[in-house]
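Q: Hi! Could you take a close look at one part of this model for me, starting from a single side chain and going on to its wider setting?

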Amino acid sequence: MSRKVDFLVVGSGIAGLTFATKAAQYSQVLILTKKNKADSNTNYAQGGIASVFADRDSFDYHANDTVKAGEGLSHKDAVRIMVENGPKLVRELYNEGCLFTLDNQGDFELGREGGHSHRRIVHAKDYTGYEIERVLLEEAKRRNVEISENEIALDLIVVDGECLGLYFFDANKQKLDYILANATVLATGGTGQVYLHTTNPPIATGDGIAMAYRAGAKVANMEFVQFHPTSVYNIQIDGRAFLISEAVRGEGGILKTKSGKSFMDKYDPAGNLAPRDIVARACVSEMRATKSKYVLLDISHINADYLKKRFPTIYETCLKWGVDITREPIPVVPAAHYTCGGILVNTWAESSINRLFALGECSCTGVHGANRLASNSLLEALVFSTRASEKAKEIKEIKVKTTMCMQKTACTGPDYRLQIKQIMNQYVGVMRNVKGLEKAHRSISDFCTKFDDGVLIQNAEARNIADIAILIVKSAIMRLESRGLHYIREYPEKKKDFAKDTIIRRKES
Ligand SMILES: Cc1cc2nc3c(=O)[nH]c(=O)nc-3n(C[C@H](O)[C@H](O)[C@H](O)COP(=O)(O)OP(=O)(O)OC[C@H]3O[C@@H](n4cnc5c(N)ncnc54)[C@H](O)[C@@H]3O)c2cc1C
């Protein structure tokens with residue numbers, strides 16, 4: 001390809017597509033995407049997108065709920081920007097053709113999820129992300145955004161503190177190549193595949209965060225990995241665990257032990273609607289106490305016709321596996337779900353490297369702090385990708401000699417991903433302890449030393465997984481307290497001294 005574009009976007013989920021469809025109105029945009037263009041976390045989002053529409057709701061309530069979940073680490077300016085821009089942008093998606101579910105009055109039917117004080121979850125039944133992805137891909141086509149599939153971004157080209165583009169592997173032609181751009185936009189999604197059990201699809205190997213880290217960008221709050229409490233036990237589809245949306249608890253679902261005893265009231269006054277971290281820890285505690293490999297999620301007491309209409313995907317999928325959710329409980333376990341940390345950005349999505357933006361799940365805007373409130377991630381991606389597309393108008397042309405870019409050599413590296421995933425599951429999961437974290441650090445550091453310096457083609461994802469794992473473990477070791485999603489057994493309390501972001505930057509830079 002070896003070409004130059006105005007804006008080079010990596011990733012075709014909600015973040016990359018939102019930026020691209022808006023920036024394409026005034027500039028040339030190219031999206032590189034690793035596999036099929038709809039292959040993204042976005043495509044699997046079920047519950048919905050949080051935004052203030054209800055009469056009794058307000059921006060203050062939404063901001064307060066978000067900050068409360070963030071346990072002292074949410075950046076309040078970013079939170080305010082997110083909640084205030086939400087309704088306009090969600091309405092815009094609807095106007096572009098997103099088939100959000102409406103109530104009898106023709107308004108958005110608003111769902112309720114854990115940690116939200118009001119009903120504010122706009123949704124398209126239980127396939128909201130699929131619907132958003134569909135509409136944004138259509139919009140991208142309408143606006144002539146070029147989307148190049150099967151192109152794997154490998155490493156950023158950074159010269160004198162400026163990002164000039166990146167190296168990528170063209171899987172169609174089996175060739176290493178590069179592209180230059182006035183601005184490079186990372187929208188590569190999450191890191192769930194660093195763990196053995198995850199709700200994330202195989203694309204979620206943290207590539208953008210790993211690339212930015214290797215290039216010297218600041219990366220923040222990687223210890224805050226959200227484990228979704230309710231993924232279906234022991235069943236994987238295409239390399240990911242199937243999620244039972246939080247909205248199921250919002251509609252009355254009750255967590256029970258294997259013998260049928262409900263337990264959430266013991267752990268939190270909000271019971272089954274407590275924030276995810278509390279629910280995930282409660283599930284693990286109950287599983288340990290009852291020596292069971294799963295707990296149960298029971299929604300069978302709710303009207304069967306309503307359940308089939310409200311949760312068609314969940315109903316059909318569970319039925320295929322022999323569980324009729326209208327009659328019996330679903331066996332569930334926690335699984336790695338969402339990365340609250342990422343490439344540190346300001347409220348315009350600019351990273352600490354010039355000409356490099358980061359959007360969506362791979363970024364850390366500071367909105368989520370130590371814990372993400374359900375359905376805030378699609379909103380965050382929508383709002384800050386839109387702002388980035390406005391900021392990018394100011395970007396000036398790069399001046400660069402193309403010859404300087406192909407000096408890098410291609411190399412290969414080992415594939416330790418299974419070993420790393422096992423270590424992460426065992427020592428860096430829902431409940432951590434210092435010894436385990438140190439053990440994980442030693443083993444994963446060992447794996448990291450086995451990769452040569454160069455643009456890795458084969459097993460590029462394995463190196464990214466190793467880099468992400470080490471970032472999570474290092475950040476966890478740096479935070480000797482328990483806060484939000486990060487829980488260390490020896491330090492169960494929150495400490496004043498740690499009321500700040502954990503920021504890591506590669507030593508050499
Ligand atoms: C099962 C599930 C349910 C969820 N439900 C909700 C919900 O109800 N509400 C909510 O707010 N959030 C939900 N989330 C979280 C939310 O879906 C994600 O945070 C959000 O979609 C992330 O969007 P994104 O655009 O940042 O990344 P993604 O949608 O993951 O897109 C990343 C893109 O980057 C590409 N990519 C990655 N690496 C490379 C590379 N090296 N080269 C080229 N391309 C690359 C991928 O192929 C993909 O196109 C859910 C997540 C999951 C997994």
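A: Happy to! Cysteine 364 is buried, with a relative accessible area of 2%; buried means under 20%, exposed over 50% and partly exposed in between, using a 1.4 Å probe and protein chains only. The model is a predicted one, in which local features need pLDDT of at least 70 and side-chain atom pairs count only at pLDDT 80 or more, while totals for chains, interfaces and linings use all residues. Residues are numbered from 1 along each chain as its sequence is written, and side-chain values use heavy atoms, with hydrogens and water left out.

The closest cysteine sulfur to that of cysteine 364 belongs to cysteine 340, 8.3 Å away, which is too far for a bond. A disulfide here is a pair of cysteine sulfur atoms within 2.5 Å, and the count by that rule is 0. Cysteine 163 is also buried, at 0% relative accessibility.

Helices (H or I, at least four residues) and strands (E, at least two) are DSSP runs numbered from the N terminus.

H7 is mostly covered, with 10 of its 14 residues buried.

Just after H7 comes lysine 291, with a positive phi of about 50° although it is not a glycine. Lysine 291 sits in the loop between H7 and E14 and, at 79% relative accessibility, counts as exposed. Glutamate 71 also has a positive phi of about 50° without being a glycine; its loop runs between helix H2 (59-69) and helix H3 (76-95), and at 24% relative accessibility it counts as partly exposed.

Now for the charged pairs. A salt bridge is a side-chain nitrogen of Lys or Arg within 4 Å of a carboxyl oxygen of Asp or Glu, and the count comes to 33. Aspartate 207 pairs with lysine 34, their closest N and O atoms being 2.9 Å apart. Aspartate 207 lies in helix H5 (residues 207-214) and lysine 34 in the loop between strand E2 (29-32) and strand E3 (49-50), so this bridge ties together parts 173 residues apart in sequence. Aspartate 207 counts as buried at 6% relative accessibility, and lysine 34 does at 15%.

Glutamate 139 and arginine 142 form a bridge with closest N and O atoms 2.9 Å apart, but here both partners lie in helix H4 (residues 128-142), 3 residues apart, about one turn. Glutamate 139 is buried at 5%, whereas arginine 142 is exposed at 59%. Glutamate 246 and arginine 249 meet in a salt bridge at 3.6 Å, N to O, and both are buried. Finally, salt bridges that share partners join Lys34, Asp207, Asp415, Arg417 and Glu461 into one network.
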